[in-house]
Every structure is written in C-alpha cells, then in structure tokens.
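Hello,

Here is the structure I promised to pass on to you. Please open it alongside this message, and my notes follow below.

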Amino acid sequence: MRKLFCCLVLFMSAQPGFADDGPTERLAIYQYALYLLPSAEGDPTKTLNDLVADQFSGFTIVDDIDGPLTAPVLIPTLVNDVGNRYTPPDLQYIGYFGHGMTREQALAVQDSEQALVIDIGYPARLTETAFPQAMALMAAIAAQHDSLIWDEASREVFTPEAWREERIETWNDGIPDARDHIAIHAYKNGEYVRAITLGMEKFGLPDFVVNDFPWSSERSMASLINLVTQTLLEGGDFNDDFSLDIDVSTLKHDRVREELLASLLENADPSLNLQLAPEEPEEGDPNNFILAIQFDTAAGSTLQEKQEALLDGLFGSEDSVNVCEA
C-alpha cells in the first residue's frame with residue numbers, strides 16, 4: 001500500500017474547513033506523484049526546483065509546516081525504494097483507473113524504482129490560481145522525465161498526455177469539469193449500493209456519499225453527484241444547515257451544463273435544495289470530511305422510494321408502456 005509522507009497529510013483527518021456548526025476557513029491539501037520508468041534520467045527534484053524558480057514562483061518549496069498555512073507550498077520527497085514505500089498500482093487496478101496507458105507502460109511502472117512524491121497545500125480561497133498551477137507543474141516535470149502521474153486523492157494514474165488532455169485542456173473559461181478531477185467509486189454494500197467520491201480535498205471541499213441505492217439508479221446517482229460537485233467547484237456554497245442549492249440550468253461550464261440538460265427527461269425540474277449530513281468514514285474512504293446526500297424530504301415510504309422520487313423530480317422520468325399481443 002502507498003504510504004503518505006509529509007506533515008501536510010496529517011491535517012486531513014481534522015480538516016479545519018468543516019466543523020459540526022458549518023463551513024469555516026478551508027485548506028486544500030493533497031498529494032501527487034511521478035512514477036519514473038523505471039528510474040530518473042537526471043534529477044527530478046532539481047527539475048522541480050528549477051521549474052518553481054523559473055515558472056511557478058507562486059509555490060514555495062518547504063521541508064515541513066511550522067505554522068499556519070497561508071500561501072501555496074510544496075513538500076517534495078524522492079522515494080528510492082518504490083516497491084516497499086510507494087507501491088505502484090497493479091495491472092488490474094490500472095485497467096480500471098489508468099488513463100491513456102499502453103500495456104508496455106502498465107508493465108513498466110511495476111518495475112519503477114523511483115517516485116517523486118509532492119505534497120501540496122494552500123488555503124482553499126487560493127484554489128482558482130494554485131490548483132491549475134499545481135497541475136501544470138506536474139505536467140512540466142513529467143515532460144522532462146519518462147514517468148506516469150499519480151493522483152493520490154482520486155487514486156488514478158495518467159500518462160503525461162492524458163493528464164494534459166483530461167485534466168488541463170477541458171477547463172471552460174477558468175472553470176474545471178468536476179468529472180475530470182474526481183472519481184466515484186460505487187460498490188455493493190449489503191443488499192444495495194454505496195457510492196462515494198474521491199478527490200474533492202484538492203479543492204478544500206468535502207467528499208460525498210450516497211448510501212443504500214439499487215444498481216438500477218447508478219447512472220442517475222452519478223449525475224446527481226456530478227451536479228453537486230460541479231456546483232461547488234463553480235463557487236456554490238453550503239447553507240448554514242449543510243444543504244446545497246443546485247440547478248442544472250445555471251451551471252457555468254458549458255459542456256457539463258449542456259450534457260446534463262440534454263439528459264433531462266419529461267417533467268424534469270432541474271433545481272433543488274439538497275439536504276446533506278456529515279458521515280463517519282468507512283474503511284477505504286477518502287481521508288477527508290464526508291457529507292452524505294439525504295432524501296428525507298422526498299416522497300416515499302422507504303429510502304429507495306424517496307431516492308427514486310428525488311431523482312425523477314430532478315432529472316425527469318418517462319412512462320414505460322408494455323404492449324401485449326393477443
């Protein structure tokens with residue numbers, strides 16, 4: 001298993017941005033890494049230092065944090081014993097969560113000898129400028145070394161080309177597409193399904209979970225989660241009770257808005273005050289504050305009926321007609 005390094009990660013379990021009495025000041029704290037294939041030609045740490053000095057001066061490279069986090073910082077660690085200290089994803093995992101990789105690259109990363117791990121942190125109010133710079137910095141380092149980029153928050157691995165295509169080039173007027181920066185893991189949990197996001201800490205925001213829904217609702221639940229995360233990435237904020245006002249028609253990112261609008265069915269009402277509640281993390285959940293989407297205000301006698309009613313109201317529904325031949 002991967003092991004986190006610097007002191008930045010210690011803040012995550014007590015993220016000061018979210019307390020029981022509502023949102024307060026937030027921090028964006030996360031970790032990227034470069035897996036060298038199989039080891040560096042040249043010194044990737046020197047590459048990082050040179051790039052920060054020449055092109056990315058908004059970041060300061062530090063050894064640790066000895067006071068309040070008020071500006072963007074980087075804590076790099078060059079790992080020389082990758083197999084034991086920062087295990088790369090295996091072939092099966094890459095098959096699900098690898099982006100743009102050839103089989104040769106997937107095999108090569110199994111033999112990686114070095115990884116440059118970079119812990120990143122800044123006040124969440126600086127995300128608009130610091131987050132794009134952090135992604136561009138990773139791309140710039142990868143351009144000088146044969147490597148793959150690992151996102152510890154969303155637990156995905158990218159080729160440098162896929163990183164640029166999926167993470168950098170899909171922004172719309174300075175607004176990211178949330179779907180390109182987070183992952184949604186859905187899995188059987190007893191009789192029903194549980195789905196949770198990974199990666200929202202990169203924006204100083206909580207991750208979201210939906211509990212106990214049927215597999216038949218998986219696509220609609222993913223659309224609901226995407227609507228919630230996109231709303232927040234575009235500057236939406238929680239109400240005092242942790243509820244969130246969402247509206248498909250007012251999304252600013254053109255591609256996200258148009259795709260969601262095109263998916264609406266008859267009788268859709270694409271705006272809603274969505275109720276949320278803090279959730280205790282389960283094993284494997286992101287090391288982040290987690291909010292569970294609630295369905296208490298929807299019509300129905302069971303949770304699943306309430307979920308269906310909320311989704312049908314938000315995205316619309318269509319009647320099915322069964323034709324019987326005599």
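Let me start with histidine 185, which is found in strand E10 (helices, H or I of at least four residues, and strands, E of at least two, are DSSP runs numbered from the N terminus). Histidine 185 has a relative accessible area of 18% and is therefore buried (buried means under 20% relative accessible area, exposed over 50%, partly exposed in between, with a 1.4 Å probe and protein chains only). Leaving out residues up to four places away in sequence, histidine 185 touches Tyr93, Phe97, Arg194, Ala195, Ile196 and Leu198 (contact means heavy atoms within 4.5 Å). One of these, isoleucine 196, is 11 residues away along the chain, with 5.4 Å between the two C-alpha atoms.

Before going further, a word on the source: this is a predicted model, in which local features need pLDDT of at least 70 and side-chain atom pairs count only at pLDDT 80 or more, while totals for chains, interfaces and linings use all residues. Residues are numbered from 1 along each chain as its sequence is written, and side-chain values use heavy atoms, with hydrogens and water left out.

Now the sheet around E10. Five strands make up an open sheet of mixed pairing, ordered E10-E11-E12-E16-E15 (two strands pair if DSSP finds at least two bridges between them). The edges are held by strand E10 (183-189) and strand E15 (276-278); each has a single partner strand, so one side of each has no neighbour in the sheet. On average, and ignoring direction, neighbouring strands here are turned by 25 degrees against each other (axes are lines fitted to C-alpha atoms, for helices over the stretch in contact, and angles run from 0 to 180 degrees between N-to-C directions). Inside the sheet, strand E11 (residues 192-198) pairs with strand E12 (residues 207-213) in the antiparallel sense, over three bridges. Valine 193 has phenylalanine 213 in E12 as its bridge partner. Helix H7 (residues 218-233) packs on this sheet and touches E10, E11, E12 and strand E16 (290-293), at about 160 degrees to the direction of E12. Helix H9 (residues 303-315) lies across E11 and E12 and runs at about 120 degrees to E12.

There is another open sheet, also described as mixed in its pairing, with seven strands in the order E4-E5-E7-E3-E8-E9-E6. Here E4 and strand E6 (98-99) are the edge strands with a single partner each, so one side of each is left without a neighbour. E3 and strand E8 (residues 147-151) run antiparallel and are joined by five bridges; leucine 34 is partnered by isoleucine 149 in E8. Across E3, E6, E8 and strand E9 (156-158) lies helix H6 (residues 160-168), running at about 110 degrees to E9.

At the N-terminal end, aspartate 43 caps H1, with a side-chain oxygen 2.9 Å from the backbone nitrogen of threonine 45.

What about the interior? In the largest nonpolar core, which has 64 residues, Tyr32, Ile120, Leu224, Leu276 and Ile293 touch the most other members (a nonpolar core is a set of buried Ala, Val, Leu, Ile, Met, Phe, Trp, Tyr and Cys residues joined through side-chain atoms within 4.5 Å). H5 contributes the most to this core, with 10 residues. A second, separate core of 15 residues includes Val82, Tyr86, Ile94 and Met101.

E13 runs antiparallel to strand E14 (residues 271-274), with four bridges joining them, and leucine 244 stands opposite leucine 274 in E14.

Best wishes

Terms used: Polar contact = N/O pair within 3.5 Å; in protein donor to acceptor, adjacent residues only side chain to side chain.
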